[in-house]
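Work through the exercises below with the sequence and the 3D structure at hand. Each task is followed by a stepwise solution.

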Amino acid sequence: MVAGKTVCLRRLSRGNRALEVRFNRFLGQAKVTAERIIESWGEGTVTAVEGRHVLAIQDTSEIHFNTTAQRRRGLGEIGKGNNYGVLLHPLLAVDADDGTCLGLLSGQIWTREGRRTTSHDDRELSDKESRRWTSTVAASRPLLAKAAAVTVLGDRESDIFALYASSTEQHFHVIARSMHDRKLADRTGLYETSHAMAVVDRRAIELPARAARPARLAQIELRFGAIELARPQSKFLRHLPKSLPLAVVDVREIDAGAGVEPLHWRLLTSHEIASVKDAWRIVQWYKQRWIIEQFFRVLKTQGFHLEDSQVGTSDRLLKLVAIAAKAAVITIQLLQARNGTQQPVLAVFKDSEISALAALNQQLEAGSKRLKNPHPPDSLAWAGWIIGRLGGWDGYPSSRPPGPITFKNGLEYFHAVAAGWSLRDMCMP
């Protein structure tokens, strides 16, 4: 998938009907489950997180598959009930210091079986889809045991009291963007309290482009302070503490201009905020949430076109999504490697492939004595340099780094070479 930039089984098979049948049999095998594939996500991530401060970034994306009334493929409703598809909720590990994508940790993939008749407020967290925000983090804890620190990070949907409450018990921190004007322990409102805080700093930050807006430089005001968050009134939360000590970092755009929706983040965090520097650090970490948006873009219309898959049943589609998620992370890691991020080469390539990379590197360097691979041979950046060269990049530091198409071409060439390399010691009768 990484090399072919597609999840279409027919395209991946390159006209080889037998291979296409094998792919379909793999997805149809009862012993192959989406849950087991998700478990395998973290196998390479365990080593990568060791000794690092990890941002465990989570989010949910709806993947819309075209259906008809006669061919629903077992898919449930998404959106406002007028589309059908699959929901994907991954937990992505990112280095807090440099933004390196370390890999997937855990996640959930599901399709809705039908509409619920019981009110959302009359159900326990364990009986709601929102439980994914706490259960996904809990599932990742064994994988993060050797991390120096862990900060769970999410957008507005992760503004859940139970997630804040579980952070102390599970020894991680939380940063979440506020969705609700919650009550504080003194019965004041969160929004009123944060608005009354003094402006302590102003600066400009770069906002990346999104579908609905171009990239721009935003002028930001910063406020922060300690708060005591009151437990919601729900009877299902009475086992949790009556209040939690947290901090709020309020960043809001000023002078946004006509027709521009100003940025406004109220970030709730379990980190202690003692200075302006601490508050800006929280903002910087929250900006890393953009990596999971890139992950979803690679999976969908700007990458693998997952929505175009014609796999016929929901159980096979769930497995396909789980496999494609791993491929999307590898794609992001390779793109980051072009900038010299020092992630281990084993995060993406197997031992047999690394030996083929070493032979190709020797050949590429011999072709031009002035061009040497500048990266350590155990790093992913080293492999990225080779793949870029194979895809047509000239390798000079003064040139633009290789882009996704160059990496795609380089990977296709490399996988063909690696297949031949694996046959080099075979004896032919």
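## Helix packing and a cavity

**Exercise 1. Describe how helix H11 packs on helix H12.**

Step 1. Helix H11 (residues 351-367) and helix H12 (residues 380-390) have axes that come within 10 Å and cross at roughly 60°. Helices here are DSSP runs (H or I, at least four residues; strands are E, at least two), numbered from the N terminus. Axes are lines fitted to C-alpha atoms, for helices over the stretch in contact, with angles from 0 to 180 degrees between N-to-C directions. The model is predicted: local features need pLDDT of at least 70, side-chain atom pairs count only at pLDDT 80 or more, and totals for chains, interfaces and linings use all residues. Residues are numbered from 1 along each chain as its sequence is written, and side-chain values use heavy atoms, with hydrogens and water left out.

Step 2. Angles under 35 degrees count as roughly parallel, over 145 as roughly antiparallel, 65 to 115 as roughly perpendicular and the rest as oblique. H11 and H12 are therefore oblique to each other.

Step 3. On the H11 side, the contact (heavy atoms within 4.5 Å) is made by Ile-354, Leu-357, Ala-358, Leu-360, Asn-361, Leu-364 and Glu-365. H12 contributes Trp-382, Ala-383, Trp-385, Ile-386, Ile-387, Arg-389 and Leu-390.

Step 4. Sorted by class, this contact of H11 with H12 has eleven nonpolar, one polar and two charged residues. Ala, Val, Leu, Ile, Met, Phe, Trp, Tyr, Cys and Pro count as nonpolar, Asp, Glu, Lys and Arg as charged, and the others, Gly among them, as polar.

**Exercise 2. Is H5 parallel or perpendicular to H6?**

Step 1. The axes of helix H5 (residues 132-140) and helix H6 (residues 161-170) lie 10 Å apart, at an angle of about 20°. That makes H5 roughly parallel to H6.

Step 2. Trp-133, Thr-134, Val-137 and Ala-138 of H5 meet Ala-162, Leu-163 and Gln-170 of H6. The classes in this contact are five nonpolar, two polar and no charged residues.

**Exercise 3. Which residues line the second largest cavity?**

Step 1. The lining consists of Gly-44, Thr-45, Leu-102, Gly-103, Lys-326, Val-329, Gln-333 and Ala-347. A cavity is a set of points on a 1 Å grid over the protein atoms alone where a 1.4 Å probe fits but cannot get out, and lining residues have an atom within 4 Å of a point.

Step 2. Strand E5 (101-110) and helix H10 (314-337) are the elements that give two or more residues to this lining. H10 supplies the largest share, three residues.

Step 3. By class, the lining has three nonpolar, four polar and one charged residues.

Key
On a 1 Å grid over the protein atoms alone, a cavity is a set of points where a 1.4 Å probe fits but cannot get out, and a pocket is an open set with protein on both sides within 12 Å along at least five of seven lines; lining residues have an atom within 4 Å of a point.
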